[in-house]
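Here is my note on the model, as numbered points.

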Amino acid sequence: MLLAVDHVQLAAPPGSEDELRAYYAGVLGMTEIPKPPALAARGGCWFQAGTVRLHLGVEDAFRPAKKAHPGLRVTRIEAYAARLSAKGAPVTWDDNLPGHLRFYSEDPVGNRLEFLQSR
């Protein structure tokens, strides 16, 4: 029986770890968490904020996820969007989900991210 989502993994190109750290920690405010040594050798990085965990794994033939994406619940969505925008991240609002405020953004390697808050 399923209990919860443990993490979401997104792909990233080799050598992009510094950009990913700047975005996921510096822009989104997540904390980098250590990867187990056997997995750290593969590159990439892992981040956490509360119970939300995102893993960024290196993929040689990388193509950014333009449709598939994690949907991340936030509080004070307007302030959060302003934070992202002030730090240079794109913010595209979408009012097509009834009962929610939401916007989309992209990480520095082009992966799509959705941020939403119930009304």
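1. Asp18, Arg21 and Glu32 are linked in a network of salt bridges. A salt bridge here is a side-chain nitrogen of Lys or Arg within 4 Å of a carboxyl oxygen of Asp or Glu. The count by this rule is 6 salt bridges.

2. This is a predicted model: local features need pLDDT of at least 70, side-chain atom pairs count only at pLDDT 80 or more, and totals for chains, interfaces and linings use all residues. Residues are numbered from 1 along each chain as its sequence is written, and side-chain values use heavy atoms, with hydrogens and water left out.

3. Arg21 pairs with Asp18, the closest N and O atoms being 3.5 Å apart. Both lie in helix α1 (residues 17-27), 3 residues apart. Helices (H or I, at least four residues) and strands (E, at least two) are DSSP runs, numbered from the N terminus. Asp18 is exposed at 62% relative accessible area; Arg21 is partly exposed at 30%. Buried means under 20%, exposed over 50%, partly exposed in between (1.4 Å probe, protein chains only).

4. Arg102 forms a salt bridge with Glu114 (3.0 Å, N to O). This pair links distant parts of the chain: Arg102 sits in strand β7 (residues 100-106), Glu114 in strand β8 (residues 112-118). Asp94 also forms a salt bridge with Arg102, at 3.3 Å between the closest N and O atoms. Buried or exposed? Arg102 is buried at 12%, Asp94 is buried at 17%, and Glu114 is buried at 8%.
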